[in-house]
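Q: Please take a close look at the salt bridge in this model and at the parts of the chain around it. Which residues form the salt bridge, and how far apart are the closest N and O atoms?

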Amino acid sequence: MASQTAKEGNSSMLQTKPLGMSSPSRSRFFFIAQVTLRVLAIAFTVSAISVMVTSGQSVLIFGFTLKARYSYSSALRFLLGTDAVACAFSALSLIFLYLLRFSRSQLTIYFYLFLHDMVIMVLMNSGCAAATAVGYIGRYGEERVGWDAVCGHVDKFCHRNLVSLVLSYLAFLTYLALAIISASKLMY
């Protein structure tokens, strides 16, 4: 009898719950946060894509037509591609997250969700960094190399690309938050 009580006492110590919310409300919060952030990521990337694709501008300077399009820059095309990939995988991860609610092996699925969020976050970070570098050169130029700033001539193009870049950074931040939430779920 005493050994059975000791076993029950030891097993209850192993089953400690984290401080704060109970397990069902914590799981509900996790699910709602995941869905909300993934929908936000889709909205940010779709908006960034639409702004980038419509950002072309043509101006006449000294009898020459200067055209500025996102497709002329490999960094802006890369950002557009990363936004498209992040948008598609965000939509797929919403389906995956819905199926998670019916799964028994949740720890494995949480790990894959965390891994997915980290990969997309790193991809978004690289696309945003590349476009930021090109945008900086477009706005301020690089005197030592002889590259002139072009944003003084095609300001509408530069402004729209800046808006697209900010939306992409917001998508990156949503994936950062998703990675943090997924990591915290793995800890418990």
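A: UniProt positions are given in the numbering used here, feature names are shortened, and annotations may be inferred rather than shown by experiment. The unreviewed UniProt entry lists residues 29–55, 75–100, 112–137 and 162–183 under "transmembrane region". This is a predicted model, in which local features need pLDDT of at least 70 and side-chain atom pairs count only at pLDDT 80 or more, while totals for chains, interfaces and linings use all residues. Residues are numbered from 1 along each chain as its sequence is written, and side-chain values use heavy atoms, with hydrogens and water left out.

With a salt bridge defined as a side-chain nitrogen of Lys or Arg within 4 Å of a carboxyl oxygen of Asp or Glu, the count comes to one. Asp 117 forms this salt bridge with Arg 38, and their closest N and O atoms are 3.0 Å apart. Because Asp 117 lies in helix α4 (residues 106–140) and Arg 38 in helix α2 (residues 23–53), the pair ties together parts that are 79 residues apart in sequence. Helices here are DSSP runs of H or I with at least four residues, and strands are runs of E with at least two, numbered from the N terminus. Both Asp 117 and Arg 38 are buried, meaning under 20% relative accessible area with a 1.4 Å probe and protein chains only.

As for the listed spans, residues 112–137 are 100% helix and 0% strand, with end C-alpha atoms 38 Å apart. Residues 75–100 are likewise 100% helix and 0% strand, and their end C-alpha atoms lie 36 Å apart.

Notes:
Buried means under 20% relative accessible area, exposed over 50%, partly exposed in between (1.4 Å probe, protein chains only).
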